[in-house]
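I opened a new page for this chain today. These are my notes, in the order I looked things up.

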Amino acid sequence: MSTLAYRFDLWTEPWIRVTRLDGSDAEMSIHDALVQAHTLSALSDPSPLVVGGTHRLLAAILQAIYAPADLDALTDLLHAGQFAAARLAAFAAAHGERFDLFHPTAPFLQTGDVPLDGWKKPEKGQTQAWGAPKSVAALLVEVPSATKRTLFHHVTDDAHCFCPACCARGLITAPAFASSEGAGIRPSINGVPPVYVFPVGANLFETLTLSLTIADYQPPVAAPERSDLAIWNGDSVISKSRQVSAVGYLESLTFPARRTRLYPRWEGAVCSQCGVTTPVSVTGVLSEMGHWRTEGSGLWEDPFAAYRLPRTRVKSDVVDLKPVRPEEGKALWREYSSLLLAERAGQFRPRIVRQIAKLVDRGAIAEQQTVRFRCIGIRTDGKAKIFEWIDDALEVPPALLTDDDAAPSVDTALQQAEDVRFILESTFNSFFRPERDRGGRDAKLARFQSLRVRMLTDYWQHLALPFRHFVFDLDEPTTREAIERAWVDLLIQTGNNRFRAAAEQVGQQAEALRAQVEAQAACSARLNARRKEWLGNEA
């Protein structure tokens, strides 16, 4: 079969999942998704990593097409209301060939120096410059393959078979979410994946337009001599384990962190990922370490990630900023001020959020309009283990984006919530300790560990909605002091209620009942003392 039979053009073939404004779902090509963006609600996929990867790809394409020189140009595009079909056609005429998944020498987001039938063993006397193929499941971090296990998902590698659309969805997740995978396999350009903060507009057109950046809000260390280079016009060969010191902004959005090549087969099959019947199937891929940014090249400050100084710093003249990453048991709203509110000592919200704040200042975004963001990330151990993904939405009144006093108020509110958490946990541990047995291995285990965990989880869950109301009430500076006082009262009340509910579950024996009464009294006293400390004479 000719290699032309394996063509799958991402520019014209449907593979991007979207939701229309009427709520219906569809799959579209890149061209159709951009031309019709003003009629679509949002990108949609069961995997938020695919949504994040697709968002960055489309933003990169539009960045190359429009390259807004300043905020005026960005405002004019917002007012246009839709992307120009002629400009999209011109881009396709220049670069369309590079969007073919199975191009023989320049496949999309893959290396072109490996043949399509690279899965075959070399003939006698021949050598092969690449490794044996891996399961196609290697394209998606949430799908088990080889030694990568997924809880409650037990299959063998030969059960994985992807259609071209699912292959494309997997490929575009690597630039943003590729993590360490053992010796020699490094993460992508942003290191251990951060929380990515994506603007959300009234439709997909606004969402993507708000994701375009002018030069002032792009990474300061981006190489200007490579500003026009991207995956569709750069080198078609991705070298194995190649260090790169100079990276352009467009390159970063589709950074080739993996040296990949799909091995298609002209065999009808059912896609194990989406369930469609496909005439071309992929079961094996080349997947090796691709490019990585040279250490010491300066911090790569991705516009969609927030950064801060670590809590403990090594004495150095180098600014050691780290991206905000998902943390175990920590709901994303607890990072609200770090992700969205004004910069202050040691904390820097995403550059894309700073740019939107400037658009608010200029009146390009209506004052009464709520600005929304979709936050996507994966939590890892910094090495090869993937624990979970996060997909959350945060909203902010536009005025708060430009209010320098709002961030400290929110920081204080979150710290107060953390202080109450500490009181609950430490008091619980003091009164409900494990009984010492005869020296057995269970002596060191917390007798009520699961109960304590539920108490703290319940505490944070009860604060999630009130915190949203707290933030939106801060929009009015004249009532800010009363709002802050009400927040303190809510924390104390919630803390007492959650502690009481947990203590009542420790048992009904006399000793347990006595401990309950003493523990609740101690917790209440500590919380009331903290309230007086926060509110002073007004308490």
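I began with Ser 241, which lies in the loop between helix H7 (204-209) and strand S6 (242-244). I kept in mind that this is a predicted model. Phi of Ser 241 is near 50 degrees, a positive value in a residue other than glycine. I then looked up the accessibility of Ser 241. At 38% relative accessibility, Ser 241 counts as partly exposed, because the class runs between the 20% and 50% limits.

I went on to Ala 67. Its phi is near 40 degrees, again a positive value in a residue other than glycine. Ala 67 sits in the loop between helix H2 (48-66) and helix H3 (71-80). I found a relative accessible area of 46% for Ala 67, so I wrote it down as partly exposed.

**Thr 260**

I looked up Thr 260 next and placed it in strand S7 (residues 258-265). Is Thr 260 buried or exposed? Its relative accessibility is 5%, so Thr 260 counts as buried. Which residues is Thr 260 in contact with, leaving aside its neighbours within four places in sequence? I listed Gln 110, Thr 111, Leu 139, Leu 171 and Leu 286. I also checked Thr 260 against Pro 107. These two are 153 residues apart in sequence, and their C-alpha atoms are 9.7 Å apart in space.

**Val 143**

I found Val 143 in the loop between strand S4 (134-135) and helix H5 (164-171). Val 143 has a relative accessible area of 4%, so I marked this loop residue as buried. From Val 143 to His 160 I counted 17 residues in sequence. C-alpha to C-alpha, Val 143 and His 160 are 9.1 Å apart.

**Aromatic rings**

I turned to the rings. How many aromatic pairs does the structure hold? I got 21. One of them joins Phe 198 and Phe 304, with 5.4 Å centre to centre and 45 degrees between the planes, and it is classed as tilted. This pair links distant parts of the chain. Phe 198 is in strand S5 (residues 196-200), while Phe 304 is in the loop between strand S11 (291-293) and strand S12 (307-308), 106 residues apart. I checked both for burial. Phe 198 has a relative accessible area of 2% and is buried. Phe 304 stands at 0% relative accessibility and is buried.

I also noted a cluster linked by ring pairs. Its members are Trp 333, Tyr 336, Tyr 459, Trp 460, Phe 467, Phe 470 and Trp 487.

**The whole chain**

I finished with the overall numbers. The chain has 15 helices and 16 strands. Its radius of gyration is 26 Å, close to the 24 Å that the globule rule gives for 539 residues, so the chain is as compact as a globular protein of that length. Along the principal axes, the C-alpha trace spans about 80 × 65 × 55 Å.

Of the 539 residues, 50% are buried. I looked at contacts between residues at least 6 apart in sequence: 70% join residues at least 24 apart. The chain exposes about 25200 Å², and carbon and sulfur atoms supply 50% of that area. Last, I looked up the charges. There are 60 positive and 65 negative ones, and their mean positions are 8 Å apart.

Methods: Residues are numbered from 1 along each chain as its sequence is written. This is a predicted model: local features need pLDDT of at least 70, side-chain atom pairs count only at pLDDT 80 or more; totals for chains, interfaces and linings use all residues. Side-chain values use heavy atoms; hydrogens and water are left out. Helices (H or I, at least four residues) and strands (E, at least two) are DSSP runs, numbered from the N terminus. The radius of gyration is taken over C-alpha atoms; the globule rule is 2.2 Å times the number of residues to the power 0.38. Buried means under 20% relative accessible area, exposed over 50%, partly exposed in between (1.4 Å probe, protein chains only). Contact means heavy atoms within 4.5 Å. Accessible areas come from the Shrake-Rupley method with a 1.4 Å probe; for residues, only the protein chains shown count as cover. Lys and Arg count as positive and Asp and Glu as negative; His and the chain ends are not counted. The place of a charge is taken as NZ of Lys, CZ of Arg, CG of Asp or CD of Glu. Rings of Phe, Tyr and Trp (its six-membered ring) pair if their centres lie within 6.5 Å; planes under 30 degrees apart count as stacked, over 60 as edge-to-face and the rest as tilted.
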